Amino acid sequence: MLNNIGPAGLLLIAIVVLVLFGRGKVAGLMGEVGKGITSFKRGLNEGKQEIENAAADNARDVTPEKEKV
């Protein structure tokens, strides 16, 4: 269904959205989308760093546990 849109169709959709919502609303929406993408990427990087730190901590700790008698 969406495979047949092409560049002309995308341009027409963009013009219709611009006319319906106005330049200010579209610009504000795009700003919020950009903030969301930035926040998502930051979250991914923090999660990746957390996993790497946990793996490094596990690799560093090689002392055997004491047996409980």
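How many helices and strands does the protein have? It has one helix and zero strands; both are DSSP runs, numbered from the N terminus, with helices being H or I of at least four residues and strands E of at least two. This is a predicted model, where local features need pLDDT of at least 70, side-chain atom pairs count only at pLDDT 80 or more, and totals for chains, interfaces and linings use all residues. Residues are numbered from 1 along each chain as its sequence is written, and side-chain values use heavy atoms, with hydrogens and water left out.

**Helix geometry**
- Helix α1 bends by about 105° at Gly22, the angle between axes fitted to the seven residues ending there and the seven starting there.

**Surface**
- The protein exposes about 6,800 Å², with 64% supplied by carbon and sulfur atoms (Shrake-Rupley method, 1.4 Å probe; for residues, only the protein chains shown count as cover).
- Buried residues make up 1% of the 69 residues (buried is under 20% relative accessible area, exposed over 50%, partly exposed in between; 1.4 Å probe, protein chains only).
- Ile13 is found in helix α1, residues 6-60. Ile13 counts as partly exposed because its relative accessibility is 46%.

**Salt bridge**
- The whole structure holds one salt bridge (a side-chain nitrogen of Lys or Arg within 4 Å of a carboxyl oxygen of Asp or Glu).
- Glu32 pairs with Lys35 in a salt bridge, with the closest N and O atoms 3.8 Å apart.
- Both residues, Glu32 and Lys35, are exposed.
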